[in-house]
Amino acid sequence: MRYLAFILAAITSAEMQAFQLAPRLVVNITIDQLRSDYIEAFTPLYNAGGFRRIMREGLVYDSAEYPFSPVDKASATATLATGASPFYHGIIATRWLDHETLQPVLCVDDNKDGSSPQRLKTSTIGDELKINTNGAAIIYSFASNKEAAILSAGHAADGAFWIEKHNGWKGTSFYPIMPDWLRNYTKKKSSDSRTKGSANLNDAVVDASLQAIANTSMGKDDISDMLYVSLSATKADGSPVSHWQTEMESVYMQLDNTIERLINGIEKQISLDQVLFVLTSTGYTDESFNDLDKYRIPTGTFYINRTANLLNMYLGAIYGQGRYVEQTYGNQMYLNHKLIDQKRVGFSEILSRSQEFLVQIAGVSDVYTSDRLLAGNFDILKFRNGFNPANSGDITIEVTPGWKLLNEDTQQSYTSRAGFVPFPIIFMGAGIKAQHITQPVTVDRIAPTVAKAIRIRAPNACNASPLF
């Protein structure tokens with residue numbers, strides 16, 4: 001009996017020790033369009049406490065990537081929060097076409113509250129933390145734009161706040177009302193918040209984040225809390241980068257200062273062995289392209305609206321006249337399901353015919369129909385993961401690299417580039433040992449890693465394994 005009691009006491013002690021080791025505060029830092037090659041290029045210009053510190057003291061995964069394509073700020077943010085791909089969480093892009101109205105919608109649009117995470121179809125790591133602590137955990141999200149703030153915060157946060165050009169910090173009625181400390185801070189710093197430029201916006205986001213820690217009990221008890229800080233590694237005017245050596249030096253130097261201020265500001269209030277920092281990127285880059293014809297590089301323009309008209313003529317010749325393609329948006333086509341039903345034609349047959357026709361057009365690299373993507377073949381898994389049956393078009397066209405896609409009706413355009421964007425995942429604090437790991441990893445593994453660190457379940461659509 002005495003031996004059994006000793007074993008039970010040892011187990012209980014180990015469990016208590018594990019509980020006490022859970023970080024009191026998780027700080028999720030997402031930096032839009034951050035690139036590791038740029039981080040490395042400007043290393044001699046950094047201070048000791050910013051990029052140098054996290055790269056030296058952190059557990060650094062050098063080769064991170066997103067498990068789906070295409071990637072933008074909204075889809076990346078949602079995946080970081082949920083540990084799932086757009087196929088499950090539903091945020092396929094910042095904007096997409098509503099199937100009912102055939103009008104573009106913003107990913108956080110909400111008729112009731114103006115803005116909310118209602119279109120985010122799965123739980124986030126913050127949601128699971130709220131559930132696990134019976135609502136006691138404190139969760140705040142700060143960003144310069146509402147999509148990043150809201151999608152990071154999830155459904156159950158205490159608040160998601162972003163900067164509006166003329167009104168300083170802004171929230172939504174979906175969450176509890178703006179706290180007095182943030183309202184007072186907004187009044188005091190309103191002129192700073194209106195300042196243009198990503199560097200000043202980054203500083204404003206960090207200042208508000210530090211105010212949240214100073215004015216609440218975040219990180220000050222045994223219940224883990226969560227802070228989302230969304231920053232940007234883009235040019236001040238938001239324009240694409242054309243000459244990175246000259247355009248990005250000041251951006252990364254300012255960002256280095258901002259990260260140092262955030263870490264030092266938190267360290268003054270909470271011991272860093274009780275804080276888990278998680279830093280990564282949205283994993284894409286807006287780039288500008290020179291006239292490729294000038295350098296005799298193969299290129300061209302693919303007109304998606306004209307192509308939709310040609311496809312309508314082709315299908316009309318086979319099945320009878322009609323507008324089979326109702327609308328186009330980005331590189332996607334939305335078909336007229338009612339018309340196809342009226343024609344008594346199998347939808348899969350229409351998709352197959354369309355694919356056969358479209359793949360022959362100049363500038364088309366591949367064609368992904370909803371049937372093909374739902375089949376889930378391994379060779380197109382990345383495209384399938386970026387597809388959502390409720391929000392995506394019925395046909396997605398992959399444009400040949402170097403070609404420009406143009407929609408003359410909406411003036412949407414982009415130049416296709418199958419480029420690799422190098423970026424890291426970095427964990428620092430909470431007793432984590434410094435290490436660099438070169439093995440490629442995917443960012444959907446961040447959420448389950450954080451969940452494991454704070455002893456809670458991973459989000460409900462997350463099936464990725466923790467990184468450690």
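I'd like to begin at helix α4, residues 73–82. How many of the ten residues of α4 are buried? Nine of them are, so the helix is mostly covered, given that buried means under 20% relative accessible area. If you want to pick them out on the screen, the buried ones are Ala-74, Ser-75, Ala-76, Thr-77, Ala-78, Thr-79, Leu-80, Ala-81 and Thr-82. And what covers them? The cover includes strand β1, helices α5 (86–89), α6 (125–132) and α7 (146–153), strand β12 (275–281) and helix α17 (446–453).

The peptide bond between Ser-69 and Pro-70 is cis, with omega at about -5 degrees. If you're setting up this model for your own calculations, that's the bond to find on the screen now.

While we're on backbone geometry, there are two residues with positive phi to show you. Gln-33 is not a glycine, yet its phi is about 65 degrees. You'll find Gln-33 in the loop between β1 (25–32) and α2 (36–41). Is Gln-33 buried or exposed? With a relative accessible area of 8%, Gln-33 is buried. Leu-102 is the other one: its phi is near 60 degrees, again a positive value in a residue other than glycine. Leu-102 lies in the loop between β4 (95–97) and β5 (104–106). Its relative accessible area is 16%, so Leu-102 counts as buried too.

Let's move on to Leu-339, in helix α13, which spans residues 337–342. Leu-339 counts as buried because its relative accessibility is 13%, and the cut-off is 20%. Leaving aside residues up to four places away in sequence, Leu-339 touches Gly-322, Arg-323 and Tyr-324. Glu-326 is 13 residues from Leu-339 in sequence, and their C-alpha atoms are 9.8 Å apart.

Okay, zooming out to the whole chain. It holds 17 helices and 22 strands. Its radius of gyration is 24 Å, close to the 23 Å that the globule rule gives for 468 residues, so the chain is as compact as a globular protein of that length. Along the principal axes, the C-alpha atoms fill a box of roughly 85 × 60 × 45 Å. Buried residues make up 53% of the 468. Take the contacts between residues at least 6 apart in sequence, and 69% of them join residues at least 24 apart.

Last, confidence. The average pLDDT is 91, and 92% of the residues score at least 70. Where does pLDDT stay under 50? One such stretch is residues 1–19, for which the model has two contacts beyond four places in sequence. Over residues 191–196 the pLDDT is also below 50, and that stretch has nine contacts beyond near neighbours in sequence. Where pLDDT is low, the predicted coordinates should not be read in detail.

Key. Residues are numbered from 1 along each chain as its sequence is written. This is a predicted model: local features need pLDDT of at least 70, side-chain atom pairs count only at pLDDT 80 or more; totals for chains, interfaces and linings use all residues. Side-chain values use heavy atoms; hydrogens and water are left out. Helices (H or I, at least four residues) and strands (E, at least two) are DSSP runs, numbered from the N terminus. Buried means under 20% relative accessible area, exposed over 50%, partly exposed in between (1.4 Å probe, protein chains only). Contact means heavy atoms within 4.5 Å. The radius of gyration is taken over C-alpha atoms; the globule rule is 2.2 Å times the number of residues to the power 0.38. pLDDT is the predictor's confidence in each residue, from 0 to 100.
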